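Dear colleague,

Please find below the structure I promised to pass on, followed by some notes on what I found in it. I would be glad if you could read the notes beside the coordinates.

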Amino acid sequence: MFERFTNDARAVVRGAVEHSERVGSRSVDAEHLLLALLDREASRASFALASLGLAADRKEPVKSALADARRRAGLSQAEADALAGLGIDVSDLVSRVEEVHGVGAMSGDRKDTGWWSGRRTFSRDAKEVLERCLRIAVAHRDRRIGDEHILLALTARPGVPSEVLADQGVTYEALSRVLYGGGEARAAG
């Protein structure tokens with residue numbers, strides 16, 4: 001599949017690995033793919049984001065929301081709200097854990113675990129995003145998989161990245177309109 005990736009898409013995957021390494025995560029997650037997409041300039045995905053109002057100067061709220069979700073052990077705000085409906089205050093839980101174990105204890109990041117050798121694996125969510133971007137490219141009859149397909153795949157599935165982007169007005173449907181015109185609204189499969 002990776003032989004079909006454009007240089008921009010390959011740069012996103014490499015950037016996601018770098019984001020994962022930077023925070024000490026042992027796996028590359030879907031959130032790392034989104035962070036790598038936000039770093040891109042002059043690509044189809046970056047132009048699509050800018051056309052939907054998420055220009056370079058407006059990306060900080062997205063990064064902040066991703067960091068907040070990571071602090072909540074990767075729970076989306078919708079999941080935290082659902083738990084609140086059951087009487088579980090995720091913010092209180094995070095605060096209590098961080099009082100005992102330090103800030104970011106629930107993030108899964110391992111900054112101080114010593115030397116670790118090996119390649120970063122891709123989490124199930126990240127793998128699903130990469131598989132979905134292939135299906136999206138095929139559905140749009142695109143011969144190559146670009147960073148825009150990764151962005152579309154992130155918005156096409158439930159989870160923290162799509163929730164954070166939707167809060168900024170970046171949805172699968174809006175991206176499809178920007179990238180392909182109004183004709184194909186749901187090729188996410």
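The expected span of a helix is taken here as 1.5 Å times one less than its number of residues, and helices (H or I, at least four residues) and strands (E, at least two) are DSSP runs, numbered from the N terminus. This is a predicted model, in which local features need pLDDT of at least 70 and side-chain atom pairs count only at pLDDT 80 or more, while totals for chains, interfaces and linings use all residues. Residues are numbered from 1 along each chain as its sequence is written, and side-chain values use heavy atoms, leaving out hydrogens and water.

The protein chain has 10 helices and two strands, arranged along the sequence as α-β-α-α-α-α-α-β-α-α-α-α. Of its 189 residues, 43% count as buried (under 20% relative accessible area, with a 1.4 Å probe and protein chains only).

Buried in helix 7 are A126, V129, L130, R132, C133, I136 and A137. These residues cover an arc of only 165 degrees around the axis, which puts them on the same side of helix 7; the arc is that of the directions from the helix axis to the C-beta atoms. The buried residues of helix 7 pack against helix 1 (7-23), strand 1 (27-28), helix 2 (30-39), strand 2 (121-122), helix 8 (147-156) and helix 10 (172-180), where contact means heavy atoms within 4.5 Å. After helix 7 comes R141, with a positive phi near 60 degrees.

Best regards

Note on methods:
Buried means under 20% relative accessible area, exposed over 50%, partly exposed in between (1.4 Å probe, protein chains only).
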